[in-house]
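Hello,

Here is the structure I promised to pass on. Please open it and keep it beside you while you read my notes.

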Amino acid sequence: MQQYIEFALNSDDDEILRLVCGAISDLVAVMGENINNFLPSIMQGLFNILKSGRNNKSTIIPALDAVTTVCAHSPQIFE
């Protein structure tokens with residue numbers, strides 16, 4: 001699963017980025033702490049979306065939502 005998420009996070013297609021951000025939010029909400037092993041690479045991909053100047057609002061908003069979902073459901077990764 002992780003390799004597919006990472007692949008999608010590196011896409012240049014805004015639609016794929018929006019979909020993977022939504023999938024990340026859903027997975028984190030459902031899996032909780034069980035997804036912690038995947039979070040470093042997932043968070044890096046989300047931060048790359050937010051940092052790049054090539055994405056529009058319709059991509060940035062789902063990425064922000066995914067980051068906040070991770071923060072809400074897995075706060076221990078930030079300790």
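**What I found**

If neighbours within four places in sequence are left aside, Thr 69 is in contact with Ser 25, Val 28 and Ala 29. Please remember that this is a predicted model. Thr 69 sits in helix 4. Thr 69 has a relative accessible area of 13% and is buried, because the cut-off for buried is under 20%.

**Val 28**

Now look at Val 28, one of the residues that Thr 69 contacts. Val 28 belongs to helix 2. Is Val 28 buried or exposed? Val 28 is buried, and its relative accessible area is 0%. Residues up to four places away in sequence are not counted here: Val 28 touches Ile 35, Leu 39, Thr 69, Val 70, His 73 and Ser 74. Pro 62 is another matter to look at. Val 28 and Pro 62 are 34 residues apart in sequence, and their C-alpha atoms are 14 Å apart in space.

**Helix 2**

Helix 2 has 18 residues. From its first C-alpha to its last, helix 2 reaches 25 Å. That is close to the 26 Å expected at 1.5 Å a residue.

Which residues of helix 2 are buried? They are Leu 17, Val 20, Cys 21, Ile 24, Ser 25 and Val 28. These residues cover an arc of only 145 degrees around the axis, so they lie on the same side of helix 2. Here is some background. Residues three or four places apart point the same way, because an α-helix has 3.6 residues a turn.

What covers the buried residues of helix 2? The cover includes helix 1, helix 3 and helix 4. The face of helix 2 turned away from its buried side carries the exposed residues Leu 19, Asp 26 and Val 30.

At the start of helix 2, a side-chain oxygen of Asp 13 comes to within 2.8 Å of the backbone nitrogen of Glu 15. Just after helix 2, Gly 32 has a positive phi of about 55 degrees.

**Helix 1**

The buried residues of helix 1 are Ile 5, Ala 8 and Leu 9. Their arc around the axis is only 100 degrees, so these residues lie on the same side of helix 1. Helix 2 and helix 3 are among the parts that cover them. The face of helix 1 turned away from its buried side carries the exposed residues Tyr 4 and Phe 7.

**The core**

How many residues are in the largest nonpolar core? The largest nonpolar core has 18 residues. Leu 9, Ile 24 and Leu 46 have the most contacts inside it. Helix 1, helix 2, helix 3 and helix 4 each supply at least two residues of this core. In soluble globular proteins, nonpolar side chains tend to be buried together.

With neighbours within four places in sequence left aside, Leu 9 is in contact with Leu 17, Val 20, Ile 24, Ser 41, Ile 42, Gly 45, Leu 46 and Ile 49.

**Salt bridges**

How many salt bridges are there? The count comes to two. Side chains of opposite charge can pair when their charged atoms come close.

Arg 54 lies in the loop between helix 3 (39–51) and helix 4 (57–73), and Asp 12 lies in the loop between helix 1 (2–9) and helix 2 (14–31). The pair therefore ties together parts that are 42 residues apart in sequence. Arg 54 is partly exposed, at 45% relative accessible area. Asp 12 is exposed, at 64%.

The side chains of Glu 15 and Arg 18 also meet in a salt bridge, at 2.6 Å from N to O. Both residues lie in helix 2, three residues apart, about one turn of the helix. Glu 15 is partly exposed, with a relative accessible area of 39%. Arg 18 is partly exposed, with a relative accessible area of 24%.

**Ser 11**

Last, find Ser 11 in the loop between helix 1 and helix 2. Ser 11 counts as buried, at 13% relative accessibility. Leaving aside neighbours within four places in sequence, Ser 11 is in contact with Ile 16, Leu 17 and Arg 54.

Best wishes

Conventions: Residues numbered from 1 in each chain as written. Predicted model: local features only at pLDDT ≥ 70, side-chain atom pairs only at ≥ 80, totals over all residues. Heavy atoms only, no water. Salt bridge = Lys/Arg side-chain N within 4 Å of Asp/Glu carboxyl O. Helix = DSSP H or I, 4+ residues; strand = E, 2+ residues; numbered from the N terminus. Buried < 20%, exposed > 50% of the residue type's maximum accessible area, 1.4 Å probe, protein only. Contact = heavy atoms within 4.5 Å. Expected span 1.5 Å × (residues − 1). Arc of directions from axis to C-beta. Polar contact = N/O pair within 3.5 Å; in protein donor to acceptor, adjacent residues only side chain to side chain. Core = buried A, V, L, I, M, F, W, Y, C linked by side-chain atoms within 4.5 Å.
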